[in-house]
Amino acid sequence: MRSKVKAAILLGLLVAAVPAGAAPAASIGLLPQANEFREALDLSGLWDFKLDPKDEGEGAGWFRGLEGARSIAVPGSWNEQLPDAYDYLGPAWYFRRCTVPRGFKGDRVFLRVGSANYAARVWVNGTLVGEHEGGHLPFAFEVTPLAVAGSPLTIAIRVENELKPTRVPAGNLPPGTRTLMASNPRTTFDFFPYAGLHRPVVLYSVPRTSIEDLTVRTGLEGGAGTVTVKVTQSGGARGARLRLHGEGAEVEAAMTFTASEGEAVLRLPRARAWSPADPYLYELTASLLGPGGREVDRYTLEVGLRTVEVRGTQILLNGQPIFLKGFGRHEDFAVSGRGQNEPVIVRDHALMKWVGANSYRTSHYPYAEEQMREADRQGFLVIDEIPAVSLHFGDGEENVRARLLQCEKDLRELIARDKNHPSVIAWSVSNEAIPGAIDLSGGAARNVDPASTAFLRRLIDLAHGLDPSRPATLVAIMGAPIEWMALGDFVSLNRYFGWYSQPGDVAAGAETFAKELDTIHAQVPRPIVVTEFGADTLPGEHSLEGLMWSEEFQVAFLKAYLDAAEKRDFVAGMHVWCFADFRTGQGTLRAGSLNHKGVFTRDREPKMAARFLRERWGGAGR
Ligand code: BDP
């Protein structure tokens with residue numbers, strides 16, 4: 001069993017740890033789906049909940065039930081639901097009873113957790129079934145022997161989000177380690193370390209012979225399109241039938257399996273390409289065929305036909321240069337915290353359209369799968385990022401190594417999860433890795449330890465290896481060394497001249513920005529995407545002179561940067577930091593524990609800058 005699991009992890013298919021005696025982790029590539037062959041029971045709602053500050057729950061058998069429990073909503077962070085748990089990050093227990101649907105009879109049953117931040121252990125009917133480390137990504141375990149159709153089932157999940165140097169992102173670094181800003185809790189990153197079950201928990205069934213994973217790659221040539229589909233199956237099906245439906249056309253292809261995998265190409269003589277202007281989605285149905293050609297399993301996927309490529313200093317979508325207009329964002333909202341919040345997902349995408357954006361980055365961690373589906377439907381170009389924020393390299397080899405392993409695991413899981421989304425145009429393997437010294441003047445660090453460069457190169461190479469169809473990038477902090485910027489297929493930069501340096505002098509800051517763009521371009525002749533630029537702005541704060549923190553300052557700052565970028569055809573995108581104000585740790589730079597660089601407030605009302613961008617970017621419905 002162990003070597004089988006290891007092999008699968010190497011393949012990037014299996015993604016959670018297997019405690020002794022527990023079930024092997026299951027594939028996370030496909031969201032659970034209900035149809036004639038599959039069923040899914042979404043366990044979102046109120047669960048029993050109990051903090052475990054003394055860490056006594058496991059020894060005392062809390063996985064059998066919680067005494068003195070109170071309610072908690074899943075999905076949702078616990079921090080703002082329970083007033084006494086705001087900055088509690090230690091262990092806590094979730095517990096819930098359900099009945100295994102009768103329709104699961106005879107099938108394999110899995111339990112899938114959409115995201116537990118940061119580490120989770122899972123028990124079903126009192127039996128430990130698995131554990132997982134790393135927030136923001138799903139994990140699943142097979143629980144077939146425990147889940148009897150029509151019978152009651154208990155689920156217990158212990159979650160903790162202790163800040164540790166060995167985690168990604170890291171926290172509680174050893175005293176003396178240089179961090180960008182001091183904050184409480186002691187993170188290395190500028191967003192609140194929300195904890196809990198942040199996305200739905202789903203119990204689902206698949207037939208004994210079933211589709212385990214689908215990988216879709218699309219191509220466009222002239223007016224024609226191709227959809228290459230790899231099917232991974234378990235249970236010994238002989239073949240599969242693929243059907244692609246859309247635009248009044250239906251094409252089919254058949255495949256036979258050699259072992260567990262098969263591949264086939266669907267050809268559309270006239271294809272409707274997916275793009276921000278026309279995010280058209282075809283429907284792909286994969287059917288697994290059993291004895292006598294009988295259909296034994298089915299999975300349906302929305303597919304957008306598009307190509308992405310970096311050529312020279314341009315990013316090409318469907319062969320045409322595309323300029324990324326948009327934002328860095330956060331999954332953040334009052335009370336729900338980092339929990340999946342569908343009304344906010346819908347509003348955020350609508351507001352980005354209203355502004356005229358066509359792109360965003362999932363700063364600084366993978367977003368909910370519902371976000372990615374909405375991006376597919378609304379035509380956003382997404383830079384999809386793992387939680388590798390503020391990587392440090394100076395706190396000892398052991399810590400650095402632990403973080404590298406976690407980054408690699410995150411990247412495997414992210415690509416396994418998001419590989420089929422047309423909206424995802426690139427993988428971001430880190431945000432603002434920290435060079436030894438930080439230069440805020442527009443220069444680049446020199447003599448950086450080669451081991452840190454090798455660390456980042458390894459992540460870029462891994463992204464390329466797992467998914468040769470998309471570019472990979474890493475986001476450079478001010479003062480990052482040129483050799484780091486040169487590792488990605490395009491350069492990504494966060495810049496704050498006129499804010500953190502040259503404060504209050506927009507003109508001087510924009511000049512430093514422009515000069516630095518030219519210097520980088522001369523050394524790395526690839527597209528540059530400015531993945532962050534912005535200024536903290538208190539809504540309602542006005543200033544005739546356009547002083548810092550006022551709405552006028554934010555508009556002037558964004559305008560100066562956009563103007564500088566517009567004059568340089570090697571700049572392929574501008575992402576404003578940030579879409580909306582968001583909660584972060586307490587610190588002297590963060591009034592009300594909020595980062596105020598949003599062009600929308602935390603409750604999604606526009607600041608002046610939102611209206612300015614809407615004019616500039618030609619927002620919808622003007
Ligand atoms: C960058 C980070 C981002 C911060 C932002 C800021 O990438 O997470 O929130 O700056 O300071 O350093 O506002």
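# A first look at this predicted model

A search of the whole structure turns up 44 salt bridges, where a salt bridge is a side-chain nitrogen of Lys or Arg within 4 Å of a carboxyl oxygen of Asp or Glu. This is a predicted model, where local features need pLDDT of at least 70, side-chain atom pairs count only at pLDDT 80 or more, and totals for chains, interfaces and linings use all residues. Residues are numbered from 1 along each chain as its sequence is written, and side-chain values use heavy atoms, with hydrogens and water left out.

Two sets of words come up again and again below. Buried means under 20% relative accessible area, exposed means over 50%, and partly exposed is in between (1.4 Å probe, protein chains only). Helices (H or I, at least four residues) and strands (E, at least two) are DSSP runs, numbered from the N terminus.

**Salt bridges**

- Arg-298 forms a salt bridge with Glu-36, and their closest N and O atoms are 3.0 Å apart. This pair links distant parts of the chain, 262 residues apart: Arg-298 sits in strand β19 (residues 295-303), while Glu-36 is in the loop between α1 (2-11) and β1 (39-42).
- Glu-36 is exposed, with a relative accessible area of 63%.
- Arg-167 and Glu-160 form another salt bridge, with the closest N and O atoms 2.9 Å apart. Here both Arg-167 and Glu-160 are buried.
- Arg-217 and Asp-467 meet through their side chains in a salt bridge of 3.7 Å, N to O. Arg-217 lies in strand β13 and Asp-467 in the loop between α5 (450-466) and β27 (472-476), so the pair ties together parts that are 250 residues apart in sequence.
- Arg-217 is partly exposed, at 26% relative accessible area, whereas Asp-467 is buried, at 0%.
- There is also a network: Glu-80, Asp-332, Arg-583 and Arg-602 are joined by salt bridges that share partners.

- Two strands count as paired if DSSP finds at least two bridges between them.
- Strand β14 (residues 224-234) pairs with β17 in the antiparallel sense over eight bridges. Val-227 stands opposite Leu-266 in β17.

- Which residues of helix α9 (residues 608-617) are buried? They are Ala-609, Ala-610, Phe-612, Leu-613, Arg-614 and Trp-617.
- An α-helix has 3.6 residues a turn, so residues three or four places apart point the same way.
- The buried residues of α9 pack against β23 (324-328), α2 (342-355), α8 (551-566) and β30 (571-577); contact here means heavy atoms within 4.5 Å.
- Just after α9 comes Gly-618, with a positive phi of about 70°.

- Leu-440, Tyr-500 and Leu-589 make a nonpolar surface patch of about 230 Å². Patches are made of residues with over 30% relative accessible area and no salt bridge; like charges are joined within 9 Å, and nonpolar side chains (Val, Leu, Ile, Met, Phe, Trp, Tyr) within 5 Å.
- Accessible areas come from the Shrake-Rupley method with a 1.4 Å probe, and for residues only the protein chains shown count as cover.
- Tyr-500 is in the loop between β28 (491-494) and α7 (506-523), and is partly exposed at 31% relative accessible area.

- Most residues other than glycine have a negative phi, and most peptide bonds are trans.
- A cis peptide bond joins Asn-184 and Pro-185, with omega about -5°; Pro-185 lies in the loop between β10 (152-160) and β11 (196-197).
- Ser-363 and His-364 are also joined by a cis peptide bond, with omega about -5°; His-364 is in the loop between β24 (359-361) and α3 (369-378).
- Asn-125 is not a glycine, yet has a positive phi of about 50°. Asn-125 sits in the loop between β7 (119-124) and β8 (127-133).
- Asn-318, again not a glycine, has a positive phi of about 55° and is found in the loop between β21 (314-317) and β22 (320-321).
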